[in-house]
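This report goes through selected side-chain and backbone features of one protein model. Please have the sequence and the 3D view open while reading.

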Amino acid sequence: MTSARDTPKEKVSLGGVSETALLTLNARAQEARRADPLLVDPMAIALADSIDYDFAKFGRTRQDVALRSRLFDIQAASYLAAHPTATVVALAEGLQTSFWRLDATLPDAQFRWLSIDLPEIIDIRTRLLPTSPRMSVCTRSALDYTWMDSVDETDGVFITAEGLLMYLQPEQGMELIRQCASRFPGGRMIFDLPPAWVSRVSRRGVRTSTRYKGPPMPFTLSAAQAADLVNTVPGVRAAQDLRLPPGRGRAFNAAVRMIYRARMFQALRPCLTLLEFG
């Protein structure tokens, strides 16, 4: 990609849930710029540098955004190690740059990539990100299940829903999981959801700075509820409870360990789940 220093930046205007794609892009790019990055993501840096947008409005960035992306990468890479020519389906991909991180990580990568998102996001991706013969695009809402007809499931399917389900209504989120489980036996799906207390607080929007308030996040599941999807959703064979990789700083890592080890703090932690479809 041409450096932003050499070409004019392009103005980008997004609102509502779509604007969170810029928030997470900024968090990943800022993390990748560090001398000790938790996520190596040169494409995120290049993409952020090519956009004319007031990223400072989001306030301070948090390392958990980059750690979430790293966790999704780890799980996708694990699946692709066993299914090297599988298709990765990125639901509501936003301005993620996961394809290039995985492509750089996996030797002789052969996996295919299908990006699902709304027209305004696909337009930005088409204009500002490079292409690959192994990448394809489907301009659809993740809730328009006709996108499933675009998936080549011959060699396996790995579905990512990074930063998506929490913005759906609970019945919409559950139906999306049910549809994926029914349509892609043998595949996997990874998703994240906030704890219930965050969902409650978000009803009036979550303020990350004096100039930005994020949209509500109505859908939430506890780790126990996610584990019970094995019993409540036909086609879900297994549900694995995941945790963020180690982050930066003793205090951060100690807090994460405490939240995961102590039963009294379980309600504080996010739901990070990998589903296996049978």
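The model is predicted, so local features need pLDDT of at least 70 and side-chain atom pairs count only at pLDDT 80 or more, while totals for chains, interfaces and linings use all residues. Residues are numbered from 1 along each chain as its sequence is written, and side-chain values use heavy atoms, with hydrogens and water left out.

**Salt bridges**

Side chains of opposite charge can pair when their charged atoms come close. A salt bridge here is a side-chain nitrogen of Lys or Arg within 4 Å of a carboxyl oxygen of Asp or Glu. The whole structure contains 24 salt bridges. Three of them are listed below.

| Pair | Closest N to O distance |
|---|---|
| Arg101 and Asp73 | 2.6 Å |
| Arg269 and Asp241 | 2.8 Å |

Helices (H or I, at least four residues) and strands (E, at least two) are DSSP runs, numbered from the N terminus. For solvent exposure, buried means under 20% relative accessible area, exposed means over 50%, and partly exposed lies in between (1.4 Å probe, protein chains only).

Arg68 and Asp192 are both buried.

Arg101 pairs with Asp73. Arg101 is buried at 6% relative accessibility, and Asp73 is buried at 12%. These two residues also belong to a network of salt bridges that links Arg28, Asp41, Asp73 and Arg101.

Arg269 pairs with Asp241. Arg269 is in the loop between α10 and β11, and Asp241 is in strand β10 (residues 236–241), so the pair ties together parts that are 28 residues apart in sequence. Arg269 counts as buried, with 10% relative accessibility, whereas Asp241 counts as partly exposed, with 41%.

**Cysteines**

A disulfide is a covalent bond between the sulfur atoms of two cysteines. The criterion used is a pair of cysteine sulfur atoms within 2.5 Å. The structure has zero disulfides. For Cys138, the nearest cysteine sulfur is that of Cys180, 13 Å away. Cys138 is buried at 5% relative accessible area. For Cys271, the nearest cysteine sulfur is again that of Cys180, 15 Å away. Cys271 is buried at 0%.

**Surface patch**

Trp197, Val201 and Leu268 make up a nonpolar surface patch with about 280 Å² of accessible area together. Patches are built from residues with over 30% relative accessible area and no salt bridge; like charges are joined within 9 Å, and nonpolar side chains (Val, Leu, Ile, Met, Phe, Trp, Tyr) within 5 Å. Accessible areas come from the Shrake-Rupley method with a 1.4 Å probe, and for residues only the protein chains shown count as cover. Leu268 lies in the loop between α10 (250–261) and β11 (271–277). Leu268 is partly exposed, with a relative accessible area of 40%.

**Positive phi angles**

Which phi does Ala92 have, although it is not a glycine? Ala92 has a positive phi of about 45°. Ala92 lies in the loop between β3 (87–91) and α4 and is partly exposed at 27% relative accessibility. Asp108, also not a glycine, has a positive phi of about 50°. Asp108 is in the loop between α4 and β4 (112–117) and counts as exposed at 70% relative accessibility.
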